[in-house]
Amino acid sequence: MTNIIIGIAVLAVLFVIMYIKITIDERKGINSPEKQRIYAIAQEVIPDIENYCVVYATREDFSLSGSGGAITTTTKYWYYAAAITCEELFLIPLSFEDGEISYSEPIHFDKDNLGMAKAKKHGYLTLYDKDKKEILSIDVSESNTKDDEYHPVNIQQKEETKEFIEISKEFADEINS
Amino acid sequence: MKLDIDLGKKLTHANANIQLIILKISLRFLLVSIIIIAGLRSNPPATITPNGAIFGILIILSVILWIFFPLFHLNDYIIFYENGIEFNKQKWSFDELGEINFLNVKTNTSFFTRKYLETDVKNFNITYLKDTKKYFNKAYLKTN
């Protein structure tokens with residue numbers, strides 16, 4: 001009986017620690033250094049950035065492989081600074097390593113190189129080429145916390161995500177028209 | 001892959017992670033030691049036959065090879081050039097490599113994560129290299 005109580009107490013303490021950590025990370029993320037740096041990157045790369053909605057976006061690709069008793073699951077992660085208007089979208093690939101944020105040339109999407117776009121209400125945007133083949137899907141979340149090495153930033157972007165959702169719908173309408 | 005291709009200017013490079021190699025050797029040595037000590041204490045050998053001795057020597061040699069296997073990676077390196085990479089004396093251009101991703105692979109048979117540079121040609125095992133991604137970013141990306 002004593003061991004059960006100790007076990008429950010340990011679990012409760014771990015839960016409280018996790019909850020406190022998540023709350024602290026969320027508070028930090030409202031105007032975190034990563035958020036500011038990502039906006040600065042977008043500002044550096046894209047002219048007239050004030051006309052765009054800038055958000056932190058991620059992309060995940062999950063696949064299964066293997067045979068017999070050995071199954072391998074592979075999840076790939078990509079990270080972007082996304083800047084969007086009703087007519088165009090820039091995705092700036094980001095890389096996080098040792099506290100540094102690196103970036104490469106932005107990828108530009110508009111009616112000229114897209115055949116279709118689907119914008120879902122939770123900040124999920126899928127882009128298709130002229131042959132209606134999927135190019136990629138990005139996910140914009142209100143809350144991003146440093147959970148592990150594959151979730152490397154504390155960025156809270158509630159208002160920006162709402163704005164992105166609205167604009168991405170208009171963007172999709174423009175592409176699909 | 002061509003043996004003698006011009007990849008342009010050398011940008012950065014990453015060498016073997018000696019601390020990781022030493023750590024892995026130490027952990028393997030520790031594991032083997034625990035197994036041997038536990039085995040000898042619970043079941044000490046009574047007599048040693050010639051065949052048993054030969055078998056024992058083969059086992060010992062295999063175990064030594066396994067313990068010190070990470071030393072084979074002491075000379076691992078990767079060089080990042082303007083137009084491609086050189087990995088352990090082999091060169092590839094970016095045209096051949098295609099899209100490059102960094103993969104971390106964890107399995108239930110090891111405590112350690114294996115790291116790969118995933119390309120269209122093959123996945124380069126960069127587990128024993130130090131700060132590969134950092135030098136890759138330094139070479140090809142801009143840093144804020």
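This is a predicted model: local features need pLDDT of at least 70, side-chain atom pairs count only at pLDDT 80 or more; totals for chains, interfaces and linings use all residues.
Trainee: How many bridges join E4(A) to strand E8 of chain B?

Mentor: Strand E8 of chain B covers residues 142-143, and it runs antiparallel to E4(A). One place to look is A:Tyr103, which stands opposite B:Lys142 in E8(B). Since pairing asks for at least two bridges, the count to compare with that cut-off, for E4(A) and E8(B), is two.

Trainee: Which side chain of chain B meets that of A:Lys76 in a salt bridge?

Mentor: Between chain A and chain B there are two salt bridges, and seven residue pairs are in polar contact, both residues of each pair being at pLDDT 80 or more. In the salt bridge of A:Lys76 the distance from N to O is 3.0 Å. The partner on the other chain is B:Glu118.

Trainee: On the side of chain A that touches chain B, how many residues are charged?

Mentor: The elements giving two or more residues to that side are helix H2 (33-45), strand E2 (70-84), strand E3 (89-97) and strand E4 (100-103) of chain A. In all, the contact takes 19 residues from chain A and 14 residues from chain B. Those of chain A divide into seven nonpolar and four polar residues, while the number that are charged is eight.

Trainee: What share of the area buried between chain A and chain B do carbon and sulfur atoms give?

Mentor: The buried area between the two chains comes to about 1400 Å². Of this area, the share given by carbon and sulfur atoms is 43%.

Trainee: Turning to the open sheet of chain B, why is one side of strand E1 and of strand E4 left without a neighbour in the sheet?

Mentor: The open sheet has four strands in the order E1-E2-E3-E4, with antiparallel pairing. Strand E1 (10-15) and strand E4 (90-93) of chain B stand at its edges, so one side of each has no neighbour in the sheet, the reason being that each has a single partner strand.

Trainee: In E2(B), which residue is the bridge partner of B:His13?

Mentor: E1(B) and strand E2 (residues 77-81) of chain B run antiparallel and are joined by five bridges. For B:His13, the bridge partner in E2(B) is B:Ile79.

Trainee: At about what angle to E1(B) does helix H4 of chain B run?

Mentor: Helix H4, residues 132-140 of chain B, lies across E1, E2 and strand E3 (84-87) of that chain. Its angle to E1(B) is about 175°.

Conventions. Residues are numbered from 1 along each chain as its sequence is written. Chains are lettered from A and ligands numbered from 1 in the order in which they are written. Side-chain values use heavy atoms; hydrogens and water are left out. Contact means heavy atoms within 4.5 Å. Axes are lines fitted to C-alpha atoms, for helices over the stretch in contact, and angles run from 0 to 180 degrees between N-to-C directions. Buried area is the accessible area (1.4 Å probe) that two parts lose on being put together, summed over both. A salt bridge is a side-chain nitrogen of Lys or Arg within 4 Å of a carboxyl oxygen of Asp or Glu. A polar contact is a pair of N or O atoms within 3.5 Å; within protein, one must be able to donate a hydrogen and the other to accept it, and residues adjacent in sequence count only if both atoms are side-chain atoms. Ala, Val, Leu, Ile, Met, Phe, Trp, Tyr, Cys and Pro count as nonpolar, Asp, Glu, Lys and Arg as charged, and the others, Gly among them, as polar.
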